[in-house]
Amino acid sequence: MNPVDPARIRKIRIALLLGALAMFALLYAPQPVLPQLADVFALDPGTAALLVSASTLGLAVAAIPLGTLSEAVGRRRTMIVALLIAEVLGLLLPWVPFFPVLVAVRLVQGAAIAGLAAVAVAYLADETGGQHLGTTMGLYVAGTTVGGMSGRLLGGVVGDFAGWHGGMFAVALLAGVCTVLFVVLLPAERNHHRQPLRWRPLLGGLRAALSDPVLYVPYLVAALGMGAFVTVYNVLGFRLTAPPLLVPPALAAHAFLSYAAGTVTSTIAGRAADRWGRTQALFTSLAVTAVGLLLMLAGNLLVIVVGLVVFTGGFFAAHSVASGWVGARASASARGQASALYQFAYYGGSSVGGVVGGAAYGAWGWSGMTVLLCCWLAVAALAVGLAVPARGRVAVAQAS
């Protein structure tokens, strides 16, 4: 392990923040213009949301193979090539005239984005030496919130005046600038020793990541929390622009400014996890997320916005703690695969949860959907509560 260079760590943090911004801007580019897409292609909300679910499904499926591949070809190379491919597809998407083709391209784009999403945590854990990983991970997650907020806001505002094509193209241009800076700034890895592309040791790392029962807790938090999160943001535009609220689309897009709460809370939660422990930080974060959901049941626009801010802040705090837990818990030989499994759970939850939650909204309205999402969060909290005895059993088994 090379000595930790503070200046190099700062450069890594800036580069990955920019990469995360580009990644999340591209991943959720269609979300603010889903109502427009539904009108143009004559779709119901659940079908229109396939443009989001397709990309997250592609990411979930590709996360483990690309995370494993990065062990052999290098983490930096994997992340750079993946983000460049995703950016090229992002620039092409606004000119695709058929909805099924749009869905297919989004599936491929999501698979490309997996090369960054599945590798970044392992890269950070390797290059920071595990020191202050919670804080560093919090800053990385803050980058994802900035990307999600700026991409959705830009796409929604531009889309209201230039149509869905203009909204998505504007997001792709923003992501392109961040991608170029990411490629220029990201240092080559020093502490990762590449493994030959032999399946036995690589699968051994995957087996190790799957055999630790404690790691299933952050995996489950990721799947259920992200399912709830993407459901709310997928259907939010439909609720705000429909009666009785009737918020204009350009103004409704400003709801995505709520992502700023995640930028703050992800960093705070990372530090809290370093100081007070991950279990306590996760319990608190999930409780805050549920409170935000309940506040959004109100019919008053101001209360809905406040609830959205609370919900978003709680979710990103939970995500920051859970993802940092994976990087700290997994062994060095399994870190890449454990990170990939976390991303598989996170974006698999987004894909499946987005479809199920959207269907719940269509069938039961906002109230019925809220009941379902609160149940998901309760299951995640229960898993966190079971983590303490699970850690004890693992420690005893390792000592014997």
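The patch covers about 390 Å² and is formed by V291, L295, L302, V303 and V306. Patch members have over 30% relative accessible area and no salt bridge; nonpolar side chains (Val, Leu, Ile, Met, Phe, Trp, Tyr) are joined within 5 Å, like charges within 9 Å. A salt bridge places a side-chain nitrogen of Lys or Arg within 4 Å of a carboxyl oxygen of Asp or Glu. Two helices, α13 (278-295) and α14 (301-329), each provide at least two of the patch residues. Helices (H or I, at least four residues) and strands (E, at least two) are DSSP runs, numbered from the N terminus.

The model is predicted: local features require pLDDT of at least 70 and side-chain atom pairs pLDDT 80 or more, whereas totals for chains, interfaces and linings use all residues. Residues are numbered from 1 along each chain as its sequence is written, and side-chain values use heavy atoms, without hydrogens and water.

V291 belongs to helix α13. Its relative accessibility is 44%, so V291 counts as partly exposed. Buried denotes under 20% relative accessible area, exposed over 50%, and partly exposed the range in between (1.4 Å probe, protein chains only). L301 is part of helix α14. L301 is also partly exposed, because its relative accessibility is 36%. With residues up to four places away in sequence left aside, L301 touches L240, L245 and V247. Contact requires heavy atoms within 4.5 Å. L301 and L240 are separated by 61 residues in sequence, yet their C-alpha atoms lie 8.4 Å apart.

Helix α10 comprises 26 residues, 216-241. At 1.5 Å a residue, α10 should span 38 Å; its end C-alpha atoms are 39 Å apart, which agrees. The expected span is 1.5 Å times one less than the number of residues. α10 bends by about 35° at V235. The bend is the angle between axes fitted to the seven residues ending at a residue and the seven starting there. Most of α10 is covered, with 21 of its 26 residues buried.

The protein as a whole has 15 helices and zero strands. Of its 400 residues, 57% are buried. Among contacts with a separation of 6 or more, 85% join residues 24 or more positions apart. The accessible surface totals about 15,100 Å². Carbon and sulfur atoms account for 72% of that surface. Areas come from the Shrake-Rupley method with a 1.4 Å probe; for residues, only the protein chains shown count as cover.
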